[in-house]
Amino acid sequence: MRLATWNINSLSVRLPQVLGWLAAQSAADVPIDVLALQELKMTDDKFPVDAFAAAGYSAQWFGQKTYNGVALLSRTPATDVVKNIPGFDDDMARVIAGTVAGVRVIGAYFPNGQEPGSDKFEYKMEWLKGLRQWVKAELVEHPKLVLMGDYNITFDELDMWDPVGLQDTIHCTEEERYHLRALIALGLHDSFRLFPQPPKSFSWWDYREFGFKRNRGLRIDHILISSALKPLAQACVVDKLPRKNERPSDHAPVVLTLAA
DNA sequence: ATGCCTCAGCTCCTGAGA
(Lines give C-alpha, C1' and ligand atoms only; values in the text may rest on other atoms or scores of the structure.)
Protein backbone atom coordinates (compact mmCIF):
# COMPACT_ATOMS: atom_id res chain seq x y z
CA MET A 1 0.00 0.00 0.00
CA ARG A 2 1.36 3.40 -0.97
CA LEU A 3 0.17 6.63 0.56
CA ALA A 4 1.19 10.15 -0.40
CA THR A 5 0.64 13.75 0.59
CA TRP A 6 1.04 16.76 -1.68
CA ASN A 7 0.28 20.43 -1.24
CA ILE A 8 -0.52 21.36 -4.83
CA ASN A 9 -1.13 25.11 -4.33
CA SER A 10 -4.31 25.36 -6.46
CA LEU A 11 -5.90 22.25 -7.90
CA SER A 12 -7.20 24.18 -10.91
CA VAL A 13 -3.64 24.98 -11.95
CA ARG A 14 -2.11 21.65 -10.91
CA LEU A 15 -4.76 19.10 -11.96
CA PRO A 16 -2.83 17.96 -15.05
CA GLN A 17 0.30 17.49 -12.92
CA VAL A 18 -1.56 15.49 -10.29
CA LEU A 19 -3.10 13.22 -12.94
CA GLY A 20 0.24 12.92 -14.70
CA TRP A 21 2.05 12.04 -11.51
CA LEU A 22 -0.51 9.41 -10.50
CA ALA A 23 -0.36 7.90 -14.00
CA ALA A 24 3.45 7.82 -13.92
CA GLN A 25 3.43 5.98 -10.57
CA SER A 26 0.98 3.41 -11.94
CA ALA A 27 3.02 3.02 -15.11
CA ALA A 28 6.12 2.36 -13.00
CA ASP A 29 4.19 -0.34 -11.18
CA VAL A 30 4.16 1.61 -7.93
CA PRO A 31 0.62 2.99 -7.95
CA ILE A 32 -0.48 5.40 -5.26
CA ASP A 33 -3.37 3.96 -3.25
CA VAL A 34 -4.18 7.05 -1.21
CA LEU A 35 -3.27 10.65 -1.99
CA ALA A 36 -3.98 13.53 0.38
CA LEU A 37 -4.05 16.93 -1.33
CA GLN A 38 -3.82 20.34 0.32
CA GLU A 39 -4.51 23.88 -0.85
CA LEU A 40 -7.17 23.08 -3.41
CA LYS A 41 -8.12 26.79 -3.41
CA MET A 42 -11.53 26.04 -4.91
CA THR A 43 -15.16 25.72 -3.88
CA ASP A 44 -16.65 22.22 -3.73
CA ASP A 45 -18.68 22.67 -6.92
CA LYS A 46 -15.46 23.10 -8.93
CA PHE A 47 -13.80 19.89 -7.71
CA PRO A 48 -12.79 17.69 -10.70
CA VAL A 49 -14.42 14.51 -9.42
CA ASP A 50 -14.90 13.11 -12.96
CA ALA A 51 -11.27 13.56 -13.96
CA PHE A 52 -10.14 11.61 -10.90
CA ALA A 53 -12.77 8.93 -11.46
CA ALA A 54 -11.51 8.50 -15.03
CA ALA A 55 -8.01 8.05 -13.57
CA GLY A 56 -9.32 5.30 -11.29
CA TYR A 57 -9.63 7.31 -8.08
CA SER A 58 -12.51 7.79 -5.74
CA ALA A 59 -12.47 11.20 -4.07
CA GLN A 60 -13.59 12.96 -0.94
CA TRP A 61 -13.10 16.70 -0.83
CA PHE A 62 -13.63 19.70 1.38
CA GLY A 63 -12.97 23.03 -0.26
CA GLN A 64 -13.53 26.73 0.18
CA LYS A 65 -13.10 29.83 -1.91
CA THR A 66 -9.57 31.15 -2.55
CA TYR A 67 -7.73 29.50 0.34
CA ASN A 68 -7.11 26.12 1.96
CA GLY A 69 -9.16 23.11 0.87
CA VAL A 70 -8.22 19.44 1.22
CA ALA A 71 -9.02 16.17 -0.55
CA LEU A 72 -8.48 12.46 -0.17
CA LEU A 73 -8.12 10.36 -3.33
CA SER A 74 -8.15 6.59 -3.05
CA ARG A 75 -8.32 3.59 -5.36
CA THR A 76 -11.01 2.09 -3.13
CA PRO A 77 -13.61 4.44 -1.67
CA ALA A 78 -13.00 5.93 1.75
CA THR A 79 -15.60 5.37 4.46
CA ASP A 80 -16.48 7.19 7.69
CA VAL A 81 -15.42 10.51 6.21
CA VAL A 82 -14.89 13.42 8.58
CA LYS A 83 -14.29 17.03 7.58
CA ASN A 84 -12.33 19.31 9.90
CA ILE A 85 -11.68 18.59 13.56
CA PRO A 86 -14.82 17.53 15.42
CA GLY A 87 -15.41 19.86 18.36
CA PHE A 88 -13.03 22.52 17.03
CA ASP A 89 -14.88 25.39 15.46
CA ASP A 90 -13.05 26.46 12.30
CA ASP A 91 -13.95 28.66 9.30
CA MET A 92 -11.23 27.06 7.22
CA ALA A 93 -11.28 23.78 5.30
CA ARG A 94 -8.14 22.07 6.61
CA VAL A 95 -8.82 18.44 7.44
CA ILE A 96 -10.36 15.43 5.72
CA ALA A 97 -10.30 11.93 7.16
CA GLY A 98 -11.50 8.58 5.91
CA THR A 99 -10.91 4.87 6.34
CA VAL A 100 -9.29 3.06 3.41
CA ALA A 101 -8.54 -0.67 3.49
CA GLY A 102 -8.70 -0.74 7.28
CA VAL A 103 -6.35 2.22 7.71
CA ARG A 104 -7.59 5.48 9.19
CA VAL A 105 -6.17 8.24 7.01
CA ILE A 106 -6.19 11.86 8.10
CA GLY A 107 -5.10 14.47 5.55
CA ALA A 108 -4.43 17.91 6.94
CA TYR A 109 -3.36 21.38 5.96
CA PHE A 110 -1.95 22.84 9.15
CA PRO A 111 -2.17 26.62 9.60
CA ASN A 112 0.83 28.61 8.41
CA GLY A 113 1.04 30.85 11.46
CA GLN A 114 2.64 33.74 9.56
CA GLU A 115 4.77 35.07 12.42
CA PRO A 116 5.34 34.14 16.06
CA GLY A 117 3.22 36.40 18.25
CA SER A 118 0.64 37.14 15.54
CA ASP A 119 -3.07 36.30 15.73
CA LYS A 120 -2.48 33.66 13.07
CA PHE A 121 0.20 32.10 15.21
CA GLU A 122 -2.22 31.93 18.16
CA TYR A 123 -4.78 30.29 15.89
CA LYS A 124 -2.14 27.77 14.81
CA MET A 125 -1.46 26.86 18.45
CA GLU A 126 -5.17 26.43 19.22
CA TRP A 127 -5.67 24.39 16.07
CA LEU A 128 -2.74 22.12 16.99
CA LYS A 129 -4.24 21.57 20.42
CA GLY A 130 -7.63 20.71 18.91
CA LEU A 131 -6.04 18.37 16.40
CA ARG A 132 -4.10 16.52 19.09
CA GLN A 133 -7.17 15.94 21.27
CA TRP A 134 -9.04 14.51 18.32
CA VAL A 135 -6.17 12.36 17.02
CA LYS A 136 -5.73 10.93 20.50
CA ALA A 137 -9.35 9.72 20.42
CA GLU A 138 -9.04 8.50 16.83
CA LEU A 139 -6.05 6.36 17.79
CA VAL A 140 -8.11 4.54 20.39
CA GLU A 141 -10.70 3.65 17.80
CA HIS A 142 -8.30 3.13 14.90
CA PRO A 143 -4.93 1.65 15.91
CA LYS A 144 -3.86 1.68 12.25
CA LEU A 145 -3.67 5.41 11.60
CA VAL A 146 -1.84 7.73 9.21
CA LEU A 147 -1.70 11.49 9.81
CA MET A 148 -0.26 13.18 6.77
CA GLY A 149 -0.20 16.58 5.16
CA ASP A 150 1.39 19.98 5.13
CA TYR A 151 2.28 20.47 8.78
CA ASN A 152 4.00 23.82 8.32
CA ILE A 153 6.40 22.74 11.08
CA THR A 154 9.97 21.41 10.93
CA PHE A 155 11.10 18.81 13.45
CA ASP A 156 14.66 20.04 13.89
CA GLU A 157 17.63 21.54 12.09
CA LEU A 158 17.86 18.58 9.71
CA ASP A 159 14.66 19.90 8.18
CA MET A 160 16.06 23.40 7.52
CA TRP A 161 18.34 24.64 4.75
CA ASP A 162 19.76 27.32 7.07
CA PRO A 163 19.44 26.18 10.69
CA VAL A 164 21.22 29.27 12.02
CA GLY A 165 19.57 31.96 9.92
CA LEU A 166 16.09 30.46 10.28
CA GLN A 167 16.29 29.78 14.00
CA ASP A 168 13.01 30.68 15.76
CA THR A 169 11.36 31.85 12.54
CA ILE A 170 7.94 30.56 11.49
CA HIS A 171 7.80 26.75 11.05
CA CYS A 172 10.93 26.48 13.19
CA THR A 173 9.88 27.82 16.59
CA GLU A 174 10.01 25.89 19.85
CA GLU A 175 6.25 26.41 20.38
CA GLU A 176 5.37 24.82 17.05
CA ARG A 177 7.80 21.95 17.59
CA TYR A 178 6.37 21.34 21.03
CA HIS A 179 3.02 20.56 19.40
CA LEU A 180 4.65 18.39 16.77
CA ARG A 181 6.44 16.38 19.47
CA ALA A 182 3.16 16.15 21.39
CA LEU A 183 1.64 14.42 18.35
CA ILE A 184 4.58 12.02 18.32
CA ALA A 185 4.02 11.42 22.04
CA LEU A 186 0.54 10.09 21.24
CA GLY A 187 2.30 7.09 19.71
CA LEU A 188 2.99 8.34 16.21
CA HIS A 189 6.22 8.04 14.24
CA ASP A 190 7.84 10.27 11.63
CA SER A 191 7.94 7.69 8.85
CA PHE A 192 10.53 9.68 6.88
CA ARG A 193 13.15 9.31 9.62
CA LEU A 194 12.61 5.58 9.95
CA PHE A 195 14.89 5.32 6.93
CA PRO A 196 18.28 6.71 5.91
CA GLN A 197 17.75 9.90 3.92
CA PRO A 198 19.94 12.13 1.78
CA PRO A 199 21.26 15.16 3.71
CA LYS A 200 19.22 18.34 3.24
CA SER A 201 16.01 16.53 2.30
CA PHE A 202 13.17 19.02 2.01
CA SER A 203 9.55 19.01 0.83
CA TRP A 204 9.06 22.72 0.17
CA TRP A 205 11.20 25.33 -1.57
CA ASP A 206 10.44 29.03 -1.91
CA TYR A 207 9.42 30.11 -5.39
CA ARG A 208 11.68 33.12 -5.00
CA GLU A 209 15.43 33.36 -5.42
CA PHE A 210 15.76 29.99 -7.16
CA GLY A 211 14.96 28.24 -3.89
CA PHE A 212 14.65 24.81 -5.47
CA LYS A 213 17.70 25.09 -7.69
CA ARG A 214 19.79 26.10 -4.65
CA ASN A 215 18.01 23.54 -2.44
CA ARG A 216 16.98 26.23 0.00
CA GLY A 217 13.99 24.49 1.49
CA LEU A 218 12.24 23.08 4.52
CA ARG A 219 10.82 19.68 5.36
CA ILE A 220 7.32 20.60 6.49
CA ASP A 221 5.24 17.90 4.80
CA HIS A 222 5.10 14.80 6.95
CA ILE A 223 3.58 11.33 7.14
CA LEU A 224 3.13 10.23 10.75
CA ILE A 225 2.12 6.63 11.35
CA SER A 226 0.84 4.81 14.41
CA SER A 227 2.80 2.13 16.24
CA ALA A 228 0.62 -0.59 14.72
CA LEU A 229 1.70 0.52 11.23
CA LYS A 230 5.36 1.13 12.03
CA PRO A 231 6.45 -2.49 11.47
CA LEU A 232 4.83 -2.35 8.03
CA ALA A 233 6.71 0.74 6.83
CA GLN A 234 9.10 -0.10 3.99
CA ALA A 235 10.10 3.29 2.61
CA CYS A 236 9.35 6.98 2.78
CA VAL A 237 10.67 9.41 0.19
CA VAL A 238 10.23 12.93 -1.12
CA ASP A 239 9.57 12.80 -4.86
CA LYS A 240 11.34 15.90 -6.14
CA LEU A 241 10.49 15.22 -9.78
CA PRO A 242 7.20 17.19 -9.87
CA ARG A 243 9.03 20.23 -8.45
CA LYS A 244 10.97 20.28 -11.74
CA ASN A 245 7.79 20.63 -13.83
CA GLU A 246 6.76 23.79 -15.62
CA ARG A 247 4.65 25.81 -13.17
CA PRO A 248 5.30 23.50 -10.23
CA SER A 249 3.74 23.64 -6.82
CA ASP A 250 6.18 24.96 -4.24
CA HIS A 251 5.79 21.59 -2.43
CA ALA A 252 6.85 18.12 -3.56
CA PRO A 253 4.87 14.96 -2.74
CA VAL A 254 6.00 12.68 0.10
CA VAL A 255 5.33 8.97 -0.43
CA LEU A 256 5.10 6.18 2.14
CA THR A 257 5.21 2.50 1.24
CA LEU A 258 3.55 0.05 3.64
CA ALA A 259 3.80 -3.74 3.33
CA ALA A 260 0.60 -5.22 1.85
C1' DA B 1 13.45 45.79 1.17
C1' DT B 2 7.36 45.89 4.23
C1' DG B 3 11.44 42.66 -1.92
C1' DC B 4 12.39 38.56 -4.35
C1' DC B 5 7.50 34.19 -6.83
C1' DT B 6 2.73 32.35 -7.37
C1' DC B 7 -2.17 32.16 -6.89
C1' DA B 8 -7.19 33.88 -6.40
C1' DG B 9 -10.20 37.50 -7.04
C1' DC B 10 -15.05 42.45 -5.66
C1' DT B 11 -8.38 41.07 -10.90
C1' DC B 12 -4.04 45.51 -13.46
C1' DC B 13 -3.38 45.68 -7.18
C1' DT B 14 -3.82 43.24 -2.73
C1' DG B 15 -3.53 39.48 0.72
C1' DA B 16 -1.60 35.20 1.78
C1' DG B 17 1.51 31.75 1.50
C1' DA B 18 6.14 29.79 3.89
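Is Asn 84 buried or exposed, and how many other C-beta atoms lie within 10 Å? Asn 84 is buried, with 21 other C-beta atoms within 10 Å. Here a residue is buried if 20 or more other C-beta atoms lie within 10 Å of its own, exposed if 12 or fewer, and partly exposed in between, with C-beta atoms placed from the backbone.

The model is predicted: local features need pLDDT of at least 70, side-chain atom pairs count only at pLDDT 80 or more, and totals for chains, interfaces and linings use all residues. Residues are numbered from 1 along each chain as its sequence is written, while chains are lettered from A and ligands numbered from 1 in the order in which they are written.

**Loop residues**

Asn 84 sits in the loop between β5 and β6. Its phi is positive, about 65 degrees, although Asn 84 is not a glycine. Asn 152 also has a positive phi, near 55 degrees, in a residue other than glycine. Asn 152 lies in the loop between β8 (145-150) and α4, and is buried, with 22 other C-beta atoms within 10 Å. Phe 212 belongs to the loop between β10 (204-205) and β11 (217-218). With 19 C-beta neighbours inside 10 Å, Phe 212 counts as partly exposed. The C-alpha atoms of Phe 212 and His 251 are separated by 9.9 Å, and the two residues are 39 residues apart along the chain.

Helices (H or I, at least four residues) and strands (E, at least two) are DSSP runs, numbered from the N terminus.

**The sheet with β3 and β13 at its edges**

Six strands make up an open sheet in the order β3-β4-β2-β1-β14-β13, with mixed pairing. Two strands pair if DSSP finds at least two bridges between them. The edge strands, β3 (58-62) and β13 (233-238), each pair on one side only. Neighbouring strands of this sheet are turned by 10 degrees against each other on average, direction ignored. For such angles, axes are lines fitted to C-alpha atoms, for helices over the stretch in contact, and angles run from 0 to 180 degrees between N-to-C directions.

Gln 60 stands opposite Leu 72 in β4. Ala 233 is opposite Leu 258 in β14, and Val 238 has Val 254 of β14 as its bridge partner. Val 254 also stands opposite Thr 5.

**The sheet with β5 and β9 at its edges**

Another open sheet of six strands runs in the order β5-β6-β7-β8-β12-β9, and its pairing is mixed. Its edge strands are β5 (79-83) and β9 (188-190), each of which pairs on one side only. The twist averages 20 degrees from one strand to the next. Val 100 stands opposite Val 103 in β7.

| Strand | Partner | Bridges |
|---|---|---|
| β3 | β4 (residues 70-74) | five bridges |
| β13 | β14 (residues 254-258) | five bridges |
| β1 (residues 2-7) | β14 | four bridges |
| β6 (residues 95-100) | β7 (residues 103-109) | six bridges |

**Helix α4**

At 1.5 Å a residue, the 12 residues of α4 (residues 174-185) should span 16 Å, and the end C-alpha atoms are 16 Å apart, which agrees. The expected span is 1.5 Å times one less than the number of residues. Glu 176, Leu 180 and Leu 183 are buried in α4. These residues cover an arc of only 50 degrees around the axis, which puts them on the same side of α4. The arc is that of the directions from the helix axis to the C-beta atoms. An α-helix has 3.6 residues a turn, so residues three or four places apart point the same way. The face of α4 turned away from its buried side carries the exposed residues Glu 174, Tyr 178 and Ala 185.

**Surface near DNA strand B**

Of the 22 residues around DNA strand B, Ser 10, Thr 66, Asn 112, Tyr 207 and Arg 208 come nearest. A residue counts as near a molecule or strand if its C-beta atom, placed from the backbone, lies within 6 Å of it. By class, this surface has five nonpolar, nine polar and eight charged residues. Ala, Val, Leu, Ile, Met, Phe, Trp, Tyr, Cys and Pro count as nonpolar, Asp, Glu, Lys and Arg as charged, and the others, Gly among them, as polar.
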